[in-house]
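Subject: A structure for you to look at

Hi there,

Here is the structure I promised to pass on to you. Have a look at it first, and then read on for what turned up in it.

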There are 2 protein chains.
Amino acid sequence: MTNPVFERIAIIGIGLIGSSIARAAVEKGAVGAVSIFDANTDALARAGELGLGETHASAAEAVTDADAVFLCVPVGAMGRAGEAAAAMKAGAVLTDVGSVKGAVVADVAALAPEGVHFVPGHPIAGTEKSGPDAGFPSLFEGRWCILTPLADKGAEYDAAAERLAEFWRRLGSTVEVMTPERHDLVLAITSHLPHLIAYNICATAHDMESVTEGEVVKFSAAGFRDFTRIAASDPTMWRDVFLNNRDAVLEALGRFEDDLTALRKAIRNGDGQTLFDLFTHSRGIRQSILDAGQDTTAPNFGRDKPKG
Amino acid sequence: MTNPVFERIAIIGIGLIGSSIARAAVEKGAVGAVSIFDANTDALARAGELGLGETHASAAEAVTDADAVFLCVPVGAMGRAGEAAAAMKAGAVLTDVGSVKGAVVADVAALAPEGVHFVPGHPIAGTEKSGPDAGFPSLFEGRWCILTPLADKGAEYDAAAERLAEFWRRLGSTVEVMTPERHDLVLAITSHLPHLIAYNICATAHDMESVTEGEVVKFSAAGFRDFTRIAASDPTMWRDVFLNNRDAVLEALGRFEDDLTALRKAIRNGDGQTLFDLFTHSRGIRQSILDAGQDTTAPNFGRDKPKG
């Protein structure tokens with residue numbers, strides 16, 4: 001067995017991501033011990049029952065002896081969760097898993113006391129499920145983890161960031177470094193806009209009063225059901241994403257609407273060639289994702305396996 | 001073994017759906033023999049190699065002895081494929097699998113000679129793959145098949161429609177009857193709009209010049225990849241759907257855009273409560289789809305299975 005990367009980590013917020021980190025870190029031998037706090041007492045109790053680590057009655061108590069602290073709460077709750085950093089020991093790493101980085105840096109960076117190294121992060125992994133029961137140890141395998149380290153913080157900070165990167169690699173992820181601004185723009189396209197659109201099409205389906213929801217559900221396998229998976233993700237988490245990455249999301253949304261206007265025009269004008277060319281190009285993007293190993297090649301995501 | 005529903009069927013167009021019907025009908029004993037024609041000679045030759053049935057050099061030759069003829073071509077090609085109906089025998093059933101029903105009725109109904117019963121259909125089943133190799137016999141199991149029989153055609157017609165319904169049930173589907181207009185409205189919401197939006201978000205991702213396509217692909221697991229599956233569907237088929245169900249699609253699209261305007265306003269105004277309520281409702285729709293058995297309950301569609 002290789003040595004743990006951190007003797008003890010503390011996880012603040014033991015939902016899907018937090019509980020997956022706890023499970024993965026122990027399974028891969030990346031840590032010696034796990035301390036846990038969650039402001040939701042039910043989640044905290046459940047984490048104890050699941051044996052995910054040592055539960056604590058306060059965030060300050062959980063982080064005191066930790067060599068790395070992971071803030072695994074919705075983006076809008078990072079500032080409050082980050083207040084526990086005051087109780088961290090010198091030399092420890094403070095990080096987070098938020099889907100927005102600029103806003104989290106703004107809310108948390110100033111909370112890290114002298115000697116505590118705040119290295120923002122975002123594992124590009126998850127499912128549409130929530131809570132401590134939803135996590136599993138292989139969640140991060142073969143996935144990307146983006147770190148957005150602060151600039152010009154010195155050699156000790158850089159070493160701390162590298163230690164965190166090593167932790168994520170131990171969990172099976174490939175680490176990518178970029179600025180918070182770049183992260184927020186890239187994720188606005190690859191994640192935030194798709195979730196927004198998925199939520200919106202659910203609203204439209206609901207609004208179509210001439211078609212009952214029963215029929216929408218009944219015939220959802222015709223395409224609609226694909227959108228509902230990500231639209232089932234945690235509402236609090238996603239509310240906070242949109243409130244905290246507003247500019248980049250509105251920019252991506254504006255472009256989406258421009259494209260939609262052009263597409264509507266092609267349909268209205270009966271412009272089959274434009275439609276065909278666009279649809280052919282989309283097929284190419286799908287193939288690129290498959291070639292990059294970022295999705296299953298099985299038809300229908302493999303969920304309707306040929307039984308015959 | 002129960003008796004076949006039809007002694008011989010003919011399949012015009014041996015792609016994903018046509019080849020799945022051929023495979024399923026033989027496997028379930030729903031037919032005695034299968035005749036095949038495809039205007040694409042490569043597809044026709046491949047169907048022969050795969051042993052899907054007896055291949056013919058013309059549609060007229062393929063349909064001559066058939067008790068039921070299935071038009072399995074893109075909606076825009078139904079009229080031309082339907083011309084073969086002139087060679088069908090009296091008492092036989094003519095049907096199709098098109099994703100639009102009003103336009104197909106307009107193009108095909110008049111082509112059925114006296115004594116041939118045209119019963120339009122649409123199996124709500126498929127994958128994002130195309131061609132004779134993409135089909136599989138269990139494709140229709142546990143799925144809906146919508147029939148839109150013509151009105152007031154008499155007892156012999158009704159018996160033919162019932163025989164076709166029995167065929168689909170034998171393939172594992174549940175048959176639902178509605179008018180072509182109703183079908184086109186319901187599918188505009190559950191299928192055509194989702195495909196349109198999926199194609200559009202692929203276009204937006206491509207257009208965002210400040211973000212390279214490489215990064216969109218790389219971080220696609222954050223949400224975007226879910227949309228690319230249905231956007232990889234056959235471009236010709238989908239061009240024809242949008243050209244032939246234009247009014248219902250534009251109506252659904254208009255409502256989608258209205259909803260998007262409201263959502264954008266909530267983001268711009270920082271209206272977290274509206275976002276939270278909408279996202280919570282979407283979760284409920286997903287649950288309804290799972291309760292109805294129309295999707296897998298496994299996280300991430302089961303494609304990222306916990307290995308640990």
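This is a predicted model: local features need pLDDT of at least 70, side-chain atom pairs count only at pLDDT 80 or more; totals for chains, interfaces and linings use all residues.

Helix 11 (residues 246-268) of chain A and helix 7 of chain B have axes that come within 9 Å and cross at roughly 125°. An angle over 145 degrees would count as roughly antiparallel, and 65 to 115 as roughly perpendicular, so helix 11 of chain A and helix 7 of chain B are oblique to each other. Their crossing is right-handed.

Which residues make this contact? From helix 11 of chain A come A:R255, A:F256, A:D259, A:L260 and A:L263. Helix 7 of chain B brings B:L196, B:N200, B:I201, B:A203, B:T204 and B:D207. Sorted by class, the contact between these two helices has 6 nonpolar, 2 polar and 3 charged residues.

**The whole interface**

Now zoom out to the two chains. On the chain B side, 95 residues are in contact with 95 residues of chain A. Several helices of chain B each supply at least two residues to the side that touches chain A: helix 7 (180-207), helix 8 (213-218), helix 9 (224-230), helix 10 (235-244), helix 11 (246-268) and helix 12 (272-291). By class, the side of chain B that touches chain A is made up of 50 nonpolar, 24 polar and 21 charged residues.

**How the copies are related**

In general, a rotation about an axis and a shift along it relate two copies of a chain. Here, chain B is superposed on chain A by a rotation of 180° with 0.0 Å of shift along its axis, and the RMSD is 0.0 Å. That is the relation of a two-fold axis. Do the copies meet through the same surface or through different ones? Of the interface residues of chain B, 100% are also interface residues in chain A, so the copies meet through the same surface.

**Inside chain A**

Enjoy exploring!

Best wishes

Notes: Residues are numbered from 1 along each chain as its sequence is written. Chains are lettered from A and ligands numbered from 1 in the order in which they are written. Two residues are in contact if their C-beta atoms, placed from the backbone, lie within 7 Å. Helices (H or I, at least four residues) and strands (E, at least two) are DSSP runs, numbered from the N terminus. Ala, Val, Leu, Ile, Met, Phe, Trp, Tyr, Cys and Pro count as nonpolar, Asp, Glu, Lys and Arg as charged, and the others, Gly among them, as polar. Copies are superposed by least squares on the C-alpha atoms of residues with pLDDT of at least 70 in both. Axes are lines fitted to C-alpha atoms, for helices over the stretch in contact, and angles run from 0 to 180 degrees between N-to-C directions. Angles under 35 degrees count as roughly parallel, over 145 as roughly antiparallel, 65 to 115 as roughly perpendicular and the rest as oblique. A crossing is left-handed if the near helix is turned anticlockwise from the far one by less than a right angle, and right-handed if clockwise.
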